[in-house]
Amino acid sequence: MAILARMDRHEWAARTLSVRPGDRVLEIGCGHGVTASHVCAELAAGPREAPPRFVGLDRSAKMTAAAGRRNAAHVAAGLAEFRTGPFPTPDLGAEPPFDVAYAFNVRLLWTDPAAARAVAGLLRPGGRLAVFFQLPAWSAAVHREVAARAARTLTAGGLAVAADGQDVAVESGYVTAVVPPG
Ligand SMILES: C[S@@+](CC[C@H](N)C(=O)[O-])C[C@H]1O[C@@H](n2cnc3c(N)ncnc32)[C@H](O)[C@@H]1O
C-alpha cells in the first residue's frame, strides 16, 4: 500500500513562494527555520555569494540558534545566515536589495503598515513580499478577513497587492504584494 506524505504548511509556503535559484531572500520571524529549510533547498542550485542570499531574521536568539542548527549545511555552504534582532532592523538596509521577502505567522506583517513599508524599502523595484498566516481554528471566512486586513496593510505600506489564497489542507492563507517599479 502506498503511503502518501501530507505536505505541511512550511513546504506549502515554500512552494507558494516559488523562489528562483538566483534570488536573494529575506524571512522575517524565521522561528525554528523550518520554512527556511525548504526555501534554501530551492536556492541551493544558485550561486554562492557574499553576503549570503538567504537571511533569516528573528528577535529571539533561541529561535535563530535553532534555525541555524536546522540549516547548518546551508549556513556552512555560505548560502544562508540567521540574525537575531527585531524587525525593522537598520543593518539590512545597507546590503543589496532582496528579490523576495516573506513571513509566516508574524502578525506585524499583516497589521502594521510601517512594517510593510520597511520591507518594501529592502526589496528591489518589482521585488515581492508574501505574508503567510495560519489561524488556530481554520475558517474560510476568518481567513478572508485576515487576508483583507493584510491587503490593506500592505497597500498602506506602499506595496501593490498581487494575489491571495488559502489552503484548507494546511489551514493557512497568504497575500502577496510587489514593490511598484521606479
Ligand atoms: C509564531 S512564530 C512563527 C515562526 C515561524 N515563522 C513559523 O511559522 O513557524 C513568530 C516568530 O516571529 C518572531 N517575531 C515576531 N515579531 C518579530 C519582530 N518584530 N522582529 C523579529 N522577529 C519577530 C518571533 O520571535 C517568533 O519566532
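Reply: Two strands count as paired if DSSP finds at least two bridges between them. On that basis, this predicted model has an open sheet of seven strands. Their order is S3-S2-S1-S4-S5-S7-S6, and the pairing is mixed. Strands S3 (80–84) and S6 (160–167) stand at the edges. Each has a single partner strand, so one side of each lacks a neighbour in the sheet. From one strand to the next, the twist averages 15 degrees.

S6 pairs with S7 (residues 172–178) in the antiparallel sense, over seven bridges. Val 161 has Ala 177 in S7 as its bridge partner. The loop between S6 and S7 holds Glu 171. Glu 171 is partly exposed, with 17 other C-beta atoms within 10 Å. Setting aside neighbours within four places in sequence, Glu 171 contacts Gln 134 and Trp 138.

Now the helices. H1 (residues 9–17) lies across S4 (98–104), S5 (123–134), S6 and S7. H1 runs at about 155 degrees to S5. H2 (residues 34–43) also packs on the sheet, touching S1 (25–28), S2 (54–58), S3 and S4. The direction of H2 makes about 170 degrees with that of S2.

Last, the core. The largest nonpolar core has 53 residues. Ala 101, Leu 129 and Val 131 touch the most other members. Not counting residues up to four places away in sequence, Ala 101 touches Leu 26, Ile 28, Val 119, Leu 122, Leu 123 and Leu 129.

Note on methods
Residues numbered from 1 in each chain as written. Predicted model: local features only at pLDDT ≥ 70, side-chain atom pairs only at ≥ 80, totals over all residues. Core = buried A, V, L, I, M, F, W, Y, C linked by C-beta atoms within 7 Å. Buried ≥ 20, exposed ≤ 12 C-beta atoms within 10 Å, placed from the backbone. Contact = placed C-beta atoms within 7 Å. Helix = DSSP H or I, 4+ residues; strand = E, 2+ residues; numbered from the N terminus. Axes fitted to C-alpha atoms, helices over the stretch in contact; angles between N-to-C directions.
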